[in-house]
Amino acid sequence: MTRYTGLIDQYRARLPLAADARAISLGEGRTPLIKLENIPRQIGFEGELYVKFEGLNPTGSFKDRGMTVAVTQAVHEGARAIICASTGNTSAAAAAYAVRAGVTAFVLIPEGKIALGKLAQAVVHGAVVIQIHGNFDDGMRLVKEIGKTTPVAIVNSINPYRLQGQKTAAFEIVEALGRAPDVHCLPVGNAGNISAYWLGYCEMAGIAASYSDYHQQGRFLDQPLTNKRPKMAGYQAAGAAPFLRGSAVKDPETVATAIRIGDPQSWDLAWAAQKESGGWFDECTDDEILTTQKLLAANEGVFCEPASAASLCGALRDIKSGKIAQGSTVVCTLTGNGLKDPDIIMKNGLQGLVQVPAERGAVEKVLLAHMK
Ligand SMILES: *Cc1c(COP(=O)(O)O)cnc(C)c1O
């Protein structure tokens with residue numbers, strides 16, 4: 001057995017990093033691809049439905065995949081500080097990898113609307129947390145301006161090294177299944193991740209995406225592991241759905257704070273991924289998202305954050321409507337861990353709490369009433 005030491009060590013030959021760049025890693029990647037058992041049975045789906053649980057990365061979201069590569073490159077180029085705008089998870093990852101590298105992390109977060117767990121992560125890792133009176137899109141605009149004049153490395157997904165790291169999730173899925181799925185479903189916010197997965201699937205199939213040269217020559221396997229690529233399905237929150245509206249949304253609003261973004265930075269790349277893959281964009285209401293989050297937790301034992309549930313929410317709807325054919329192999333990325341945002345679950349008080357006297361008989365009575 002060799003110890004797994006993170007995705008740069010695992011995939012360095014297929015990442016555009018200098019051979020002598022010291023990997024800044026927390027052992028990210030190699031997350032479980034969990035086959036759902038109960039939900040497919042309940043809805044009569046005879047295909048295979050998997051979730052790639054990215055909430056099990058070191059800081060609890062897929063952002064770690066991008067951050068390990070972005071911070072490794074930034075430090076290799078001599079950066080002493082990194083900066084990002086964030087709805088929460090990017091700041092958590094930036095803060096942790098900055099500590100690892102011994103550089104300063106500056107994170108711009110929107111006013112309110114940030115899950116407490118994510119904010120706690122930025123704080124505990126010692127990032128300089130700057131709360132702006134504005135939303136994510138305002139923060140992103142400021143970071144781009146500041147990056148032009150100040151010697152700080154931007155580690156948002158406009159940094160192409162982020163997408164390079166994030167494409168490795170597609171590598172892992174093809175390796176685990178021995179082929180590409182028929183459909184891959186993702187929540188879409190800033191749209192970097194859907195663009196990164198498409199890059200990864202293209203590289204696994206040995207077929208260039210129109211933007212495979214984005215930042216680097218595509219790194220293809222000598223022997224492709226698969227000759228097919230999935231349709232990419234991107235799901236947005238209805239109140240923050242610029243891909244459905246056809247242009248930026250001014251005041252994005254959703255409980256799924258991680259995708260509360262109105263002006264996605266990877267707009268062109270994500271459209272290319274959708275078109276080249278024959279996939280689609282769709283939207284889910286906040287109610288549908290929260291219902292799916294609970295459905296997954298209560299039926300499969302997997303607790304993801306609200307934004308993550310958008311992928312499964314859209315997939316289930318498209319399976320039921322027949323848009324995703326019976327017998328298909330479907331993978332949904334669960335982008336982040338539900339533990340980051342317990343408030344969303346507890347906001348109506350503690351549901352299902354049973355209070356009894358401290359007596360054996362009283363407890364036994366509850367047990368008998370609840371046995372499955
Ligand atoms: C960042 C994030 C997203 C959105 O990913 P994009 O690459 O911005 O589209 C979705 N879910 C979670 C939990 C995230 O942290």
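**The ligand and its surroundings**

Modeller: The ligand is surrounded by 16 residues, each with a heavy atom within 4 Å of it. The closest are Lys-63, Asn-89, Asn-190, Ala-191 and Thr-335. This is a predicted model, in which local features need pLDDT of at least 70, side-chain atom pairs count only at pLDDT 80 or more, and totals for chains, interfaces and linings use all residues. Residues are numbered from 1 along each chain as its sequence is written, and side-chain values use heavy atoms, with hydrogens and water left out.

Biologist: How far from a nitrogen atom of the ligand is the polar side-chain atom of Thr-335?

Modeller: A polar contact is a pair of N or O atoms within 3.5 Å. For the polar side-chain atom of Thr-335 and the ligand nitrogen, the distance is 2.7 Å.

Biologist: What share of the ligand's exposed area does the protein bury?

Modeller: Accessible areas come from the Shrake-Rupley method with a 1.4 Å probe. Taken alone, the ligand exposes 380 Å². Of that area, the protein buries 97%.

Biologist: Which elements give two or more residues to the shell around the ligand?

Modeller: Helices here are DSSP runs of H or I with at least four residues, numbered from the N terminus. Those that contribute two or more shell residues are helix 9 (192-205) and helix 13 (306-321).

Biologist: Which backbone has a polar atom 2.8 Å from a ligand oxygen?

Modeller: A polar backbone atom of Gly-192 is 3.2 Å from an oxygen atom of the ligand. The distance of 2.8 Å belongs to a polar backbone atom of Ala-191.

Technical notes
Polar contact = N/O pair within 3.5 Å; in protein donor to acceptor, adjacent residues only side chain to side chain.
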